[in-house]
Amino acid sequence: MASVPKKIQKADICPLKMKDALFTYFVLFVVFGLAQGRVVRVSEGPLVRVEGQVVSLRCDVSDYEGPSEQDFDWKVLRGDQWVQLISTFDLGFADRSMQGRVDTGDISVERLGPAAAELRIRGLTPADSATYRCSTPSTDSVIKGNYKADVQLTVIGDSLKVVPSTPPAMVPEGGPLQLRCNATRDVLNHAYTHLSLTWSVGSGAGAEDILTFGPDGEVRVGGGTSQRYEDGGIRLDLRGGGAYGLVLTQALPGDGGMYTCTAREWSREVGGAWQQILERSVEMGEVRVTPTAESLAVSVEEANATLSVDDTLNLTCSAAADDRPALGLEVTWLLNPAPGGDPAEPRVVAHMSRDGVAEGASEAVGVARVGAGSFRLLVRGVGQDDTGLYSCRVRAWIHRSGGDWYQAAEKTSDPVQVLVTLKDPDFRVTLLDGVTPQFSGDPTELRCQVTGVSGLGGGRLGVSWLYAEAVPGDVTGGGASITIAGLDAQGNLRAAEGYRDRVENGLLVLSRTEPDSFRLRLLRTLDTDMGAYSCAVSAWSPARSGGWERGKEVRSQPLNVFWIPKSPRVSVAARRLREATSAGATFEMSCQLTAQNLQDPGYSVVIQMEESLGGQTRKVLSLSADSVLGLEEWSELDRMVLEKTGHKEFRFRLYRAQASDRGFYYCAVTAWTRDPSPGNAWTKATSTESNKVHITFADTGPVFNVSVRSDTSSVSPWETAKMQCVVAVLGASPGPDDVSYEVRWYLNRGLDSATLLATVDRWGVVRKGLRNGSSDCSVERVDARTYVLSTHNTQDSDAGQYYCTATPWTRSPTGAWTRGRDLTSARIHLTVNFALWDSMQRPLLFGAGVALAVGLLSILLGLVCTRCCCRKALQTPRPQHPLTDMEME
């Protein structure tokens, strides 16, 4: 009974082991079955190529293990044997039968990347039609996937032939251009390949494709010709049997150039993609499109004609173009009234559109087509305004295939002159002198008188005023005349460019005083206006088309306008009106002007002052020619008045005269005239100065003096230097409330100018000037007339000469404050000493203290370490035994 359970257990265990093994095999199968292995791919075939060309067979490998760079072996199937071609790893891989082509490079392999290579075969022959295999040696740990791939190559013969038809060398613009080309190949190749044909124009890199037909029967048009193809301007002419034709229904000037026919042979590969396997181009020939403008001829058949008023003008315009298709002709008759006039601004007489519609036609003017390219102009009842140069302008239009028109050419015929004569009226012209200027600025008036008028009828008279440079006594009219301004028959004024501003500003006036009398007036005659003047009177008669037309013109004898130029003169006299006998009094001075040879002048006055005769001049107050008051080099406008009391008189008043105001005063006068140009700006004429008027009075007040002193003339750096500015009063001293001082401190470091350090005004307000950036200064008033300057933290830049200036202000019994003269003290020199010991004391003491502190700290640390760390070693117990006691005893 004991063995039965053992058998049962063994029987149970075996099925379990088999189940586990089967499950393991199933999992491995699924894992390795689903795992992606190495994949080798080649160009999808079958491939078709042409004999003599080059074929490239690409081979790629992916999903592999091992190094990133893989090797490739190529073989070819000959019969039922695989013949080795070439390898990227083994240089001697090629079979002996293939080694010659490998050595010559006809068969080669080129790496395209670590996992891609390309087999190249040059000079294909029909014998190269075979199956080619690409294989990769295994670098994987487990063999999985595919390691080789095959592709079928078929080599067909080169039988493509392209034979073009030579196009015409010259094609007129708008004419058709046919481009024919025959492209054929071997009938056996029809099973493998298809053809496409491309027409292009141009040479080299600049060639542009016009149209391509095939290989799938579709048409592809170049970007610049797509619209023409849609409009029917470009179309295909397929006649079969390899005959292909392209027709440009209307050639344009840009269609000229070298035309090329290109045939391409294509094969359809796997997936439907087209592969070009052969291309052959042949030049068809050079084509030149002659523009219509080269052959378009336009002329007026009639020669120059002379007509009388109310005659009929008959002119015929002929337009022709050689070997041109039907053109749409637009005709315009133009009239240039003046020979040699601007051809860009002719007058349009009549116009006919390309559709034959006459524009601008009337009973008097008509235009009609009388034949192919012939157009007639009729003008009935001509007048003098019809005189001029007639020309015919023709615009040639070509109708596009899309339905619209474009202008191909424009040409204007040579003009023919038509003269319409009229019996001129008879009259005489005389120029009279009305007002003669005596000097510059005076008015000038001239009168043009017309007498003996006959034959004018319903006409009118116009006038033109002329000017020419001349010298006194010249009766010939001087040099070439220029037109100043004129009046036409309707009284319209037209001024020349150089006189237009004067006319607009009213300085030059033209008028018609009577039907036969004209007047010219210059309100202000300039020196440049001197010369010879004349007037030209013209007869105007009514024009047939409305308005007025100009006829006969009669010019007067010149009349000279001259005067002797006189220089402007101005003199001024200054006289005292009120004397300043003491400080605080009022001074008044008058400046009286006398002027000559000036027309409506204006005057500007500047009051100037000299402290002593010939001394420095200071400008006090000014008044411009426009009566604008200005303060010049003075600081107190409230004490001064400058006013214009008459046309040529000015008065200057100085209130509360002070001692500092004493000196010599005079007037500087400038005479100005108005510029006739726009704006009427002032122009300087002349200037002068008056005599000098002296302001002097005794100074009965106290006499002040200022001095500066200092306790020491040298200081050390960073110390404070103090200096005193003391104002002394000599004579009777005013009360403390009746005197005040302005004090200013200066430092001169040897430069050109002194530096202002600080100021104290008479109200006690302190203001500091510019100094160096590290030291500072202060000013304090220690008593009534002593001011102390303290320079703190002195440096080398504070060395130099110090001085002070004081200005006393005293109050009179009336309560008016009077400013005294500026007083300047003597100079004292301050030196900033650099003492070595003094500068080193503090650093040395500081260093010694730090060194002593560090030493004491080191000793203290040593004692602490000794007491704490070495205590046990120093306190070793002495051994106790009897001998020690005896020795001690």
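Predicted model: local features only at pLDDT ≥ 70, side-chain atom pairs only at ≥ 80, totals over all residues.

Tutor: With the record: UniProt positions are given in the numbering used here, feature names are shortened, and annotations may be inferred rather than shown by experiment. An unreviewed UniProt entry lists residues 844-865 as "transmembrane region". In the model, this span is 100% helix and 0% strand, and its end C-alpha atoms lie 32 Å apart. Helices (H or I, at least four residues) and strands (E, at least two) are DSSP runs, numbered from the N terminus.

Student: How many aromatic pairs does a search of the whole structure find?

Tutor: A pair of aromatic rings is described by the distance of the centres and the angle of the planes. Rings of Phe, Tyr and Trp (its six-membered ring) pair if their centres lie within 6.5 Å; planes under 30 degrees apart count as stacked, over 60 as edge-to-face and the rest as tilted. The search finds five such pairs. One of them, Phe-213 with Tyr-244, is tilted, at 6.2 Å centre to centre and 50 degrees between the planes. Phe-213 lies in strand β14 (residues 208-213) and Tyr-244 in strand β17 (residues 243-248), so the pair ties together parts 31 residues apart in sequence.

Student: Are Phe-213 and Tyr-244 buried or exposed?

Tutor: Both are buried, where buried means under 20% relative accessible area, exposed over 50% and partly exposed in between (1.4 Å probe, protein chains only). Tyr-746 and Tyr-803 form a stacked pair, with 5.3 Å between centres and 15 degrees between planes. Tyr-746 is in strand β54 (residues 739-748) and Tyr-803 in strand β59 (residues 800-811), 57 residues apart. Tyr-746 and Tyr-803 are both buried.

Student: Which strands form the open sheet, and in what order?

Tutor: Strands of a sheet pair through backbone hydrogen bonds, either parallel or antiparallel. Here two strands pair if DSSP finds at least two bridges between them. The order is β2-β9-β8-β4-β5, with mixed pairing. β2 (47-50) and β5 (81-87) are the edge strands, each with a single partner, so one side of each has no neighbour in the sheet. Strands β8 (residues 130-135) and β9 (residues 148-156) run antiparallel and are joined by six bridges. Cys-134 has Ala-149 in β9 as its bridge partner.

Methods
Residues numbered from 1 in each chain as written. Heavy atoms only, no water.
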